[in-house]
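Dear colleague,

Please find below the sequence and structure that I am handing over to you. A summary of what was found follows directly after them.

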Amino acid sequence: MNQFQYSRPADASVAIKTLSKDQNAYFLAGGTNLIDMMKMGLVSPQKLVDINNLPLKTVSEIPGGLRIGALVSNTNLAEHPLIKQKYPLLSLAINAGASPQLRNMATLGGNMMQRTRCPYFFDLTMPCNKRVPGSGCSALGGYNRMHAIFGASDKCIAVNPSDMNVAMVALDATVHISGAKGSRTMKFADFHRLPGDHPELDNNLKKGELITAVDLPEPRFSKNVHYVKIRDRASYAFALVSAAVALEIENDTIKEARLAMGGVAHKPWRLTAVEMFLKGKPANEAVFKQAAQLVSNGAKAYEYNKFKLKMAPNAVLQGLKVASGLASA
Amino acid sequence: MKKDTIGDPMSRVDGRLKVTGGATYSGEYKVAGLTYGVLVPATITAGTITAIDTKAAERAPGVLKVITSFNALKLPGYQPTAEKPVKGLKLFNDDKVYFNGQPIALVVADTFERATYAATLVKATYQTAPFETDFHKNLDKSIVPQGGRYKDYVRGEADAYKNAPVKVEQQYLLPSEMHNPMELHVTTAFWDGDKVTIYTKSQGVKGSQRSFAAAFGIPLENVQINSRFVGGAFGSSLRTWPHEIATAQAAKMLGKPVKLTLTREQMFTLVGYRPLTIQKIGLGATPDGKLVGITHESYSQSAVYEEFTENSVNVSRFLYASPNANTRYKIVPLNVGVPAPMRGPGEATGSFALESALDELSYLLKMDPIQLRLNNYADMDPERNLPWSSKYLKECYQRGAEKIGWANRKSEPATNKDGDWLVGYGIGCGAFGAYRSASQAKLTLTPDGKINIKSATSDIGPGTATAMVLIAADVLNMPAEKITFELGNSAFPMAPTQGGSATVSSVGSAVHDVCLAFKNKMLLLAGKNQNSDEQLDYAAVLKAANLPLLEITQESKGDETAQKYSMYSFSSHFAQVYVHPLTGMIKVKKVVAVVDAGKIVNLKTASSQMIGGAVGGIGMAMTEEAVMDDRFGKLANGNFADYHVPVQADIPQIDAIFIDKPDPIINPIGTKGIGEISLIGVAAAIANAVYNATGKRIRELPITPDKLI
Ligand SMILES: Cc1cc2nc3c(=O)[nH]c(=O)nc-3n(C[C@H](O)[C@H](O)[C@H](O)COP(=O)(O)OP(=O)(O)OC[C@H]3O[C@@H](n4cnc5c(N)ncnc54)[C@H](O)[C@@H]3O)c2cc1C
């Protein structure tokens, strides 16, 4: 059997030290992704560092925003009164993901770190550059219905599967990271990577670094928000495409817009050009339709995901309509 | 007055056991010295195994044996010289690989975990051969399946639809739907000399007994099959699968009890599925909506090593009164696991195509789809030219239309809105043969006045024991609490395999008849007139006769009268759907299932059957699709995260309505069966409702959001 050492330190520095020393050591949070991957033989850690004893489970107000500990469960985060009241977009996105049982176990840090659901990544018998760099991308000429339309490379067309991440990017969150050499912060939008030539790297976290918290800035979008998730069944399915929409509307004019999409790229995909287009325009259907037309600019589809070129703008349009009160969810 | 117990809603007699964990399923028998088997799948799709390196696996802790075609005990029934050679795949008998995931080795260890790990250490080398898994690419290589029932059928003129004034000519695709009952397939086997005891998930313990006896070349009575509780089977346990035989083979080689549990992923390759099927339909009609001709051709996926034909076109021969009809079966043998019947089976597949085409015709004719069905109502069976034993399909239309609110349907598609959502209504109908086979039941009266009845039937979920107790309570005019029914044991009196909705009809009749025989026996003992209605105190009669107990076994089967009738259950399913025009998301808001299945024995479990069937139909219509990656010859979504069955949030209110009029011919109870019919017509009702809502005709299931934007 694959034997591994298990430890449960109460001190972050101990956890980080173990990980930076050992190539084949992993942090264990909710375990909903890592344990699955261990069972399937995708990873075989020699050391599992259970981080659930670290004091990273609180949501607290900080000057200019909110700090969320990396071990706050997805359920506790989505249901937190401050989140529901001030950052409802985040609640909507988290609750659109997985199932209640999974969300009870899943953590903020684990959710950020979850691997793609590309079927070829999960099947050990098939080539996958993300799993075995250089082995080839099976999705490129294969069953790529769930795959990227933005920012892919010829090495990898997988998508980041998280719903939560999409809202985090739309909300301009910041990530706190601790490593053996100290702490650093990073914009959430810069945390995940595009595949490029290194699809084996999902994000910019370095070996041995621990996500300790995510900060949300001053709440700005607490009213006109919506998260649209289009999926193959009503619940418990990953997004075909999803759209997080946050608007600041004053006197029927869009003061500020934040748009991000899921299920379309290797990272949560921020639609900056569309945001800029919307800024200062009236919040009406005609404007939203024009905005939606910009969504698929620069997109590239594959054999089985061409529908996303239309579904992505539709999702954004629906999100804008609901967020602005023109339509109901 | 005798109270009519049949039809009362009664909770399952084994319900408490099931919800408290007291019911022991096949994987839960604690056998002393149990060992655990785990299968190793082939990683190629066709070819020959040249060598298997089992050394590392054999050295792994806890491993007792690694069985491959190179060291397996030869089974007499697997040899061509056998009297009745076992059909289909024979595991570990030779070095051939026919499909990806075919087991090439069985690792047995002292724990499941150790066997699982050791299985990853088994390394095979292969000589690969070219393979074909692409159904569409091989469509032109389709063949006519063997067997008389798959011959071309022509009534009147073939392809008469082509010359009709109004016609529909379309093609409908149903992807493969994989068998995945909640309970994984598990088999436990152990030997005592040349006698073997098996715990397994089985829809027919007598059939399983025959299969094991044939494989090992031993007498029937040397095989004891137990399958007392089954956590769903839906057709996946109609036959004995090769890995079940392999479990007993391993137990024999090791001289130890072996338990083999399939993983969820292995369920996607080893226990059958509803095969990918393309159906071509031609419908021709007069402008006033009378069918002139029906053509129905089916092309379904099969395996290179064994034929399976999805029984999909028969429904077009008799459901509607068309003077001309012709049907054809073709199969496409591929390097895939062999399919199996899946609930509703071919009739559900066929009705999706026929009922979709009929809906298309109704729009061409600008005629209400129910009116179109009434215009072509078959008062006699046009295929066999026989009267129906009973048929209340018109009542089904009418009651379903009322319940779903058909009056709110707009005949022009995409014109009915509720807020942003498009609203649509659809109907889909079907029929399933009402069968009855010979069956036996044994009744025992004990001095405490309690009655026990045994029969070698199964209960894969419908509540068989409950129905049998109800039937017995009715005939004996006794409280149900005093009656027990036992099943799932091959030593019990003969019963047919549970499939084709025939259990209540067959076994129920045997229970009915044995109770009647018992009643008369008691009257005789008490010196009363035969067939008298007098209620006796059975315990007192037994005591007076100085008997320790009384046993009576009765066989029951239909007579020739049945030959003079066509016997079917009929269904009419209705759906109301909401479709979001921007997101393409579909909400099935309501399903109404109306069924003419003769007399309903237990309203409660019968309703559960209808609800379960409708859920299966929702899966067929909206979520289920196995995707083959033809480059590798392997499923791209063979797991529960990527292969979608409906979740609770997809399931709306489902109303089950029964016509509940006894069939006078089929059996003494008057019941025709509901297990299959509950699914037949559902997918078409939903697809037709989606068209009514959106004006988009989806001819390739499942109907996912991408197809509607
Ligand atoms: C069937 C199924 C359906 C799902 N559906 C959805 C869905 O629809 N939408 C969606 O968004 N998600 C979905 N999920 C994914 C789910 O959200 C993730 O599994 C979960 O968020 C992972 O969190 P965890 O705490 O369990 O992570 P773990 O499994 O514990 O860890 C995952 C990875 O993160 C690393 N890690 C964890 N914490 C930290 C940290 N603080 N710092 C650095 N590294 C860390 C671990 O080392 C590991 O590599 C689904 C999952 C399943 C199994």
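**Findings**

Helix α15 of chain B, residues 682–694, is made up of 13 residues and reaches 18 Å from its first C-alpha to its last, close to the 18 Å expected at 1.5 Å a residue. Please bear in mind throughout that this is a predicted model. Helix α15(B) is mostly covered, with 13 of its 13 residues buried. Just after α15(B) comes B:G695, which takes a positive phi of about 75 degrees.

Chain B also contains a helix pair to which I would draw your attention. The axes of helix α11 (residues 464–476) of chain B and helix α12 (residues 503–525) of chain B come within 9 Å and cross at roughly 35 degrees. This crossing of α11(B) and α12(B) is right-handed. On the α11(B) side, the residues that meet α12(B) are B:T464, B:A467, B:M468, B:I471, B:A472, B:V475 and B:L476. Their counterparts in α12(B) include B:V504, B:V507, B:G508, B:V511 and B:H512. The residues of this contact between α11(B) and α12(B) divide into 12 nonpolar, 4 polar and 1 charged.

A second pair of helices lies in chain A. Here the axes of helix α12 (residues 285–295) and helix α13 (residues 308–323) of chain A come within 8 Å and cross at roughly 150 degrees. Angles over 145 degrees count as roughly antiparallel, and α12(A) and α13(A) are therefore roughly antiparallel to each other. The crossing in which α12(A) passes α13(A) is right-handed. From α12(A), the residues A:E285, A:F288, A:K289, A:A291, A:A292 and A:V295 take part, and they meet A:A312, A:P313, A:V316, A:L317, A:L320 and A:K321 in α13(A). In the contact of α12(A) with α13(A), 9 residues are nonpolar, none is polar and 3 are charged.

B:S571 is found in strand β26 of chain B, which covers residues 568–579. Is B:S571 buried or exposed? Buried means under 20% relative accessible area, and B:S571, with a relative accessible area of 0%, is therefore buried. Leaving aside neighbours within four places in sequence, B:S571 is in contact with B:L393, B:G428, B:C429, B:G430, B:V594, B:V595, B:I677 and B:I680. By C-alpha to C-alpha distance, B:S571 and B:A124 are 51 Å apart in space, and they are 447 residues apart in sequence.

Key
Residues numbered from 1 in each chain as written. Chains lettered and ligands numbered in written order. Predicted model: local features only at pLDDT ≥ 70, side-chain atom pairs only at ≥ 80, totals over all residues. Heavy atoms only, no water. Axes fitted to C-alpha atoms, helices over the stretch in contact; angles between N-to-C directions. Helix = DSSP H or I, 4+ residues; strand = E, 2+ residues; numbered from the N terminus. Parallel < 35°, antiparallel > 145°, perpendicular 65-115°, else oblique. Left-handed = near helix turned anticlockwise from the far one by under 90°. Contact = heavy atoms within 4.5 Å. Nonpolar A, V, L, I, M, F, W, Y, C, P; charged D, E, K, R; others polar. Expected span 1.5 Å × (residues − 1). Buried < 20%, exposed > 50% of the residue type's maximum accessible area, 1.4 Å probe, protein only.
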